[in-house]
Amino acid sequence: MGKPIVLTGDRPTGKLHLGHYVGSLKKRVELQDKDYQQYVFIADLQALTDNARNPELIRENLIEVALDYLAVGLDPEKTVIFVQSQIPELSELTMVYMNLVTVSRLYRNPTVKDEIKQRGFGSSLPAGFLLYPVSQAADITAFNANFVPAGADQEPLIEQVREIVRTFNGIYGEVLIEPEIMLPEKSVWNRLPGIDGKAKMSKSLNNAIFLSDEPSVIREKVMRIFTDPTHLKISDPGHTEGNTMFTYLDAFCTDAHFAEFLPEYRNLDELKAHYRRGGLGDVKVKLFLNNILQEELKRFREKRQFHEGRVDEVYTILREGSLNARQVAAKTLASVRSAIGINYDGKLLL
Ligand code: TRP
């Protein structure tokens, strides 16, 4: 038995933010030092499914996402980093899997449903967008991935992939591996709210703190974080539940941060208790949160700057990763063709 295989990807429609970090990137950086074979890729073809008329966005953000990967510590010596569009085998697998899922099942995927609503497609929903879960099945199965580290919003997608795998294996024989989602340990890492308190941090909702934000921008965003609208005066008792400032502390702060930045409290429970009693102002809590985020993001910024000065090398990393990934995907595609019988026992070209 080889090592378990993990795979994840990100659409290059913008720079990556704290939601990506706690939901998945953090885990990927841990896994590359453990006993796993890891693939991480930039899903540029998937990004085209809702940006077909804006390819410039994807071209620009490919390198930004790659820089974010390197900034958080993904290491091309340990993790294969590649670009989806450079692996044409994925598109052929997608074509095969499309026949194993019904249109009504695609419409029922709750994540896709939300995204369709959020983007306001109406009757101009691109067929490719509805089908992106099928192409995601190709991404995952091509590499025989056992695990996909992602937040809870990816769960319906992984479920759909599992169904496609079972259907394929049922018809053509046991060829494909059924993947499992690897959710973050803390539930708050599953879906980090935006600074406006909205359910999800996202570039399109304009409520994200990006991994590459400058210190002054981070501070300015932290100061704007939605808190408790009933907590008007410092002396007022406040709510910590549904208070985004505390949600972020739940996500990022450790007891060591208190020792370092706010030694009057030992831990988050003590700080929350004071806020609930009254007598603790938002600004003090936000300055603490700002210190924590500044410290975390500083490490990323330094690494990013190093690679920003060597962009040619970053493209080389992506090229070599893609060459490597392509060999693996080609093997899976060969098994798929042969399981279906469309290799014609070698009597045709392939
Ligand atoms: N859907 C993911 C996103 O929104 C990107 C993605 C494409 C992906 N293929 C994948 C994630 C396979 C995990 C596994 O960013």
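1. Proline 193 has its place in the loop between strand 5 and helix 10, in what is a predicted model. With a relative accessible area of 12%, proline 193 is buried, and once its neighbours within four places in sequence are left aside, proline 193 is in contact with Lys198, Ala199, Lys200, Met201, Thr244, Thr247 and Tyr248. The C-alpha atoms of proline 193 and tyrosine 315 are separated by 33 Å, the two residues being 122 residues apart along the chain.

2. Serine 212 is found in the loop between strand 5 (180-182) and helix 10 (215-224). The relative accessible area of serine 212 is 16%, and because buried means under 20%, serine 212 counts as buried. Not counting residues up to four places away in sequence, serine 212 touches Lys15, Asp68 and Arg304.

3. Asparagine 206 is exposed, with a relative accessible area of 69%.

4. A positive phi is also found at aspartate 345, where the value is about 50 degrees although the residue is not a glycine. Aspartate 345 lies in the segment after helix 15 (311-340) and, at 65% relative accessibility, counts as exposed.

5. As to the chain as a whole, its secondary structure comes to 15 helices and five strands. The radius of gyration is 22 Å, close to the 20 Å that the globule rule gives for 350 residues, so the chain is as compact as a globular protein of that length.

6. Of the 350 residues of the chain, 51% count as buried. Among the contacts with a separation of 6 or more, 76% are accounted for by residues 24 or more positions apart. The chain exposes about 16800 Å², of which carbon and sulfur atoms supply 53%.

7. On charge, the chain has 43 positive and 47 negative side chains, and the centres of the two sets lie 3 Å apart.

8. The structure holds 12 aromatic pairs. One of them is formed by tyrosine 39 and phenylalanine 143, a tilted pair with 4.9 Å centre to centre and 40 degrees between the planes. This pair links distant parts of the chain, with tyrosine 39 in strand 2 (residues 37-42) and phenylalanine 143 in the loop between helix 8 (132-142) and strand 4 (147-149), 104 residues apart. Tyrosine 39 and phenylalanine 143 are both buried. Ring pairs link Tyr39 and Phe143, together with Phe41 and Phe82, into a cluster.

9. Another tilted aromatic pair is formed by phenylalanine 168 and tyrosine 172, with 4.8 Å centre to centre and 55 degrees between the planes. Because phenylalanine 168 and tyrosine 172 are four residues apart in helix 9 (residues 155-172), they are separated by about one helical turn. At 0% relative accessibility phenylalanine 168 counts as buried, whereas tyrosine 172, at 29% relative accessibility, counts as partly exposed.

Key:
Residues are numbered from 1 along each chain as its sequence is written. This is a predicted model: local features need pLDDT of at least 70, side-chain atom pairs count only at pLDDT 80 or more; totals for chains, interfaces and linings use all residues. Side-chain values use heavy atoms; hydrogens and water are left out. Helices (H or I, at least four residues) and strands (E, at least two) are DSSP runs, numbered from the N terminus. The radius of gyration is taken over C-alpha atoms; the globule rule is 2.2 Å times the number of residues to the power 0.38. Buried means under 20% relative accessible area, exposed over 50%, partly exposed in between (1.4 Å probe, protein chains only). Contact means heavy atoms within 4.5 Å. Accessible areas come from the Shrake-Rupley method with a 1.4 Å probe; for residues, only the protein chains shown count as cover. Lys and Arg count as positive and Asp and Glu as negative; His and the chain ends are not counted. The place of a charge is taken as NZ of Lys, CZ of Arg, CG of Asp or CD of Glu. Rings of Phe, Tyr and Trp (its six-membered ring) pair if their centres lie within 6.5 Å; planes under 30 degrees apart count as stacked, over 60 as edge-to-face and the rest as tilted.
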